[in-house]
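Let's walk through this fold together, one neighbourhood at a time. Have the model open beside you as you read.

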Amino acid sequence: MKEEHSKEALHVINKVPSIYILGSPVHTLTLQESVQHISKLLERGGLHQIITANPEILYSARKDEDLQKLIAGASLVTADGIGVVWAARQQGEKLRERVTGIDLMAELLTVAGSKNWSCYFLGAAPGVAEKAGQKIKELHPGLSIAGTRHGYFKKEEEQIIIEEILEKKPQLLFVGLGAPRQEKWINNLFKTVTEKQARNLQQAGHIAMGVGGSFDVFAGTVKRAPQWTQKMHIEWLYRLLSQPTRIKRQVRLPLFALEVLRQKRSN
Ligand code: UDP
């Protein structure tokens, strides 16, 4: 797989400036700019996938051509995590801030509340997306909830879920199945819709993004790392200590850093 990065690779995708990290594009927008960009996409219409790219996703994409292709084809790829901001700096490039999935989701929900956008929440354990929906609706009464569904479904149930989403035509679809499964699921949804269904969704405008464990946080079943850990950039350590099973995933963080340094040396 061809890996492009460095300053020369600075280019524009959908007129959004981006840089390459380990061969995948990451847009250089701030949180507020990302929200404005997504709002414009929705007004323009069409189907759009948003990816909040954390080090684990970018590291996996190096060896996963499908994942790398879908990142390259996304309407917006944000720098999810301080590790991605650090990687850019190693390449002599600047990402002004990290844009995490949960922060982006929270901001989009606020806009959805003021613009009466409809949202669909798919993912997490039974009851969690529903509870998150209730709490979000209390916070943003103007937002409409098109539907919620838990993320522990069988392969043969997928078609029913897809049909329900297509019928409800939510403007925002949040999918919390864990990365990169959720990104692939959204991509597959976009690939499998028929032309007529796509036209229906496109007219209303449709944004879909993977949000990992965010429903658990909105529902209150999992606490987000305290702000001081976020400010000190040790949110990953807090999450590791509170959920030790994450160790399997977090070993990819040093591997990501080593790969960034290896590529820096070879340039
Ligand atoms: N999940 C799901 N279906 C599955 C496996 C996981 O809906 O088959 C949910 C899980 O309940 C959790 C989310 O996916 O809400 C993954 O959260 P995680 O913290 O791993 O994601 P991250 O935020 O780190 O990407």
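In strand 9, Ala208 is the bridge partner of Gln49. That bridge is part of the pairing between strand 4 (residues 47-53) and strand 9, which is parallel and has 4 bridges. Strands here, like helices, are DSSP runs numbered from the N terminus, with at least two residues of type E for a strand and at least four of type H or I for a helix; two strands pair if DSSP finds at least two bridges between them. Before going on, please note that this is a predicted model: local features need pLDDT of at least 70, side-chain atom pairs count only at pLDDT 80 or more, and totals for chains, interfaces and linings use all residues. Residues are numbered from 1 along each chain as its sequence is written, and side-chain values use heavy atoms, with hydrogens and water left out.

Strand 9 has another parallel partner: strand 8 (residues 172-176) is joined to it by 4 bridges. Here Phe174 has Met209 of strand 9 as its bridge partner. How many residues of strand 9 (residues 206-210) are buried? The count is 5 of its 5 residues, where buried means under 20% relative accessible area, exposed means over 50%, and partly exposed is in between (1.4 Å probe, protein chains only). In a regular strand the side chains alternate between the two faces of the sheet. In strand 9 both faces are covered, with His206, Ala208 and Gly210 buried on one side and Ile207 and Met209 buried on the other.

Now turn to the ligand. There are 15 residues around the ligand, and Ala124, Gly151, Asp216, Arg246 and Arg249 come nearest; a residue counts as near if one of its heavy atoms lies within 4 Å. By class, this shell has 4 nonpolar, 6 polar and 5 charged residues. In that scheme Ala, Val, Leu, Ile, Met, Phe, Trp, Tyr, Cys and Pro count as nonpolar, Asp, Glu, Lys and Arg as charged, and the others, Gly among them, as polar.

Which atoms make the polar contacts? The term covers a pair of N or O atoms within 3.5 Å; within protein, one must be able to donate a hydrogen and the other to accept it, and residues adjacent in sequence count only if both atoms are side-chain atoms. Gly151 has a backbone N or O atom 2.8 Å from a nitrogen atom of the ligand. Gly178 likewise uses a backbone N or O atom, 3.5 Å from an oxygen atom of the ligand. With Arg181, an N or O atom in the side chain is 2.9 Å from an oxygen atom of the ligand. On its own the ligand has 550 Å² of accessible area, and the protein covers 76% of this; such areas come from the Shrake-Rupley method with a 1.4 Å probe, and for residues only the protein chains shown count as cover.

Some backbone details are worth a look too. The peptide bond from Ala179 to Pro180 is cis, with omega near 0°, and Pro180 sits in the loop between strand 8 and helix 8 (181-192). Lys169, although not a glycine, has a positive phi of about 45°. Lys169 belongs to the loop between helix 7 (158-168) and strand 8 and is partly exposed, at a relative accessible area of 33%. Asn116 is not a glycine either, and its phi is positive at about 55°. You will find Asn116 in the loop between helix 5 and strand 6 (118-123), exposed at 53% relative accessibility.

Let's finish with the charged pairs. The structure holds 10 salt bridges, each a side-chain nitrogen of Lys or Arg within 4 Å of a carboxyl oxygen of Asp or Glu. One of them joins the side chains of Arg224 and Asp103 at 2.8 Å, N to O. Arg224 is in the loop between helix 10 (214-219) and helix 11 (227-231) and Asp103 is in helix 5 (residues 101-115), so this pair ties together parts that are 121 residues apart in sequence. Arg98, Asp103, Arg224 and Glu235 are linked in a network of salt bridges.

Within helix 14 (residues 252-266), Arg262 and Glu259 are 3 residues apart, about one turn of the helix, and their side chains meet in a salt bridge at 2.8 Å, N to O. Arg262 is partly exposed at 42% relative accessibility, whereas Glu259 is buried at 9%.
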